[in-house]
Amino acid sequence: MEAVRRYPVAVIGAGPIGLTLVNLLGRFGIKVLLVERNPTTVQEPRAVSIDDESLRTMQAAGVVETVLSGVVAGYGSHYYTRRRTLFARVEPTGQPYGYPRRNAFRQPVLEGQLREALGRFPHVEARFGWKLLDYAQDEARVTLSLEGPDGARQEVTCDYLVGCDGAASRVREVQGVGLEGTTFDERWLILDLENNENTTKHTEVFCDRHRPCITLPGPDRTRRFEFKLLPGETDADLLAPEMVERLLRTHGADPRATLRRKVVYRFHARVAPRWSFGRVFLAGDAAHLTPPFAGQGMNSGIRDAQNLAWKLAAVLEGRLGPGLLDSYERERKDHIWQMVRLALRMGQVMAPRSWLHGALTQGAFLALNIWPPARDYVAQMRYKPPPRFHEGFLLPDGRGRASLIGRLLPQPRVRRPDGSEVLLDEVLGDRFALLARADDPAALSTLDQPLWDQLGAVRLVVTPDATDAPGAVSEPAGEAGSSFRAALAPYAGCALLLRPDHYVAASIPLADPKDAVLAVEELLTATGKAAPARAGLLPANS
């Protein structure tokens, strides 16, 4: 009888979220089993927008250059009235996290790239055509019952199980948990075109209460059109070839384009009440469904994957205790609801509930264009809630809204001592880090406590001027350098403790780090991991 195989992590579902999670875990050196019920990755277009945070995660997964080869980077959105008058323009130019804010991609291409990238890892096993039948867990393991494409069944065990298996998640179903929230009565017809020559770089949003429409750009002459179904219309009404042809013709589609896909979609704003169950976790659509208007469904799931990946790795490597995993849902859930609310607000702009509501909304945007700060608030996408955690694996510093704690650190390009420029994460890597911006490249020399070695923290000083000192880089000139300086200005004389996902966990005063070191010690202890021996942790006269 074949021995039951055991894996540190098993991931169910090889969509963008599951594939991203496994690539991240693979980079950490974690042995993973990936199970996907379909024989291959998705072959039809679904998600079409990937944001700067997700591209930064692709960078962490070591695949960003490959992914960018299939991406149209840096598109915006133009909003039109019923009479096709432009009333709002969203064209963000900043790259706070190292990449353009909005980018078009094709999901089949992305999934193929991520699946191929798994070949780098001999410790990753991917089983396509296999499905999860059931599972059970105890204090030590999760036992999975799997069925292969030939009907053969096999039992495997894992330390942790992650369900990335979509809205109809089998992992969530076994727990007897549904999704809470709203399934809206609104239905949208989605049409995906290929070989569409008549196109623009940007998304076009026709805010017409009689027939709202969105058209979105894609790579390789692809474009998506979305039309809202009206009361009394059936799915068949809009799927009829003559209706599809008329709608496309009246909104600028190339009549010679190839219709790749047509489907009616009902949107949801639903979140699972729990995302973790002992050794079992949910991510992506298995945990939450977001309306499509903000393009944040897949991107929110990729944030889940990065948040969970480094925590699983830290626990399995023994750097932190299993209590760290309790912070996953606590950190992610609030931000998910922020994305849901953003999508709903954007949906109200796209599909005004009445003539008056549309006129007032569009008039307000036109008025905002007169005042540059208000215009830039819209154009630069400052309305999008920035990623921030208010609780979890972090130590608030009492600075309120100005605090960097719980925030994703900006990622400028920095200059290495050899003169080459790279994005900051290329220097930081996927480890904990102590980072300071200072004139003195040796500014972190006071932080020599064993605690940082236990975390495996790299030390990095960002200097304003060129340096050849080890453990130091210099910031570039221009807007990126200015923005980075402004972000870190309140933390002069401090080091920032960065997590492997590049969120700021704590600030450490360099002149007197004692209290901050003790607080970080307590944070580690709260995960169930003992702090390093006290001997030599602090100066003898502390």
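In what follows, "buried" means under 20% relative accessible area, "exposed" means over 50%, and "partly exposed" covers the range in between, with a 1.4 Å probe and protein chains only. By that rule R187 is buried, with a relative accessible area of 16%.

Colleagues, the model is predicted, so local features need pLDDT of at least 70 and side-chain atom pairs count only at pLDDT 80 or more, while totals for chains, interfaces and linings use all residues. Residues are numbered from 1 along each chain as its sequence is written, and side-chain values use heavy atoms, with hydrogens and water left out.

I turn to the charged pairs. A salt bridge here is a side-chain nitrogen of Lys or Arg within 4 Å of a carboxyl oxygen of Asp or Glu. The structure contains 34 salt bridges, and I shall discuss several of them.

R187 pairs with D235 in a salt bridge, at 2.8 Å from N to O. Because D235 belongs to helix α6 (residues 235-239) and R187 to strand β12 (residues 180-194), this contact ties together parts that are 48 residues apart in sequence. For these assignments, helices (H or I, at least four residues) and strands (E, at least two) are DSSP runs, numbered from the N terminus. Whereas R187 is buried, D235 is partly exposed, at 33% relative accessibility.

Strand β12 also supplies D192, whose partner R224 lies in strand β15 (residues 223-228), so parts that are 32 residues apart in sequence are tied together.

R211 sits in the loop between β13 (203-206) and β14 (213-217), and E233 in the loop between β15 and α6, so the pair links parts that are 22 residues apart in sequence. Both R211 and E233 are buried.

Beyond individual pairs, salt bridges with shared partners join E44, R46, D192, R224 and R261 into one network.

Finally, the cysteines. How many disulfides are there? With a disulfide defined as a pair of cysteine sulfur atoms within 2.5 Å, the count is zero. For C158, the closest cysteine sulfur is that of C164, 12 Å away, which is too far for a bond. C164 is likewise in no disulfide. C158 is buried, with a relative accessible area of 0%, and C164 is buried at 9% relative accessibility.
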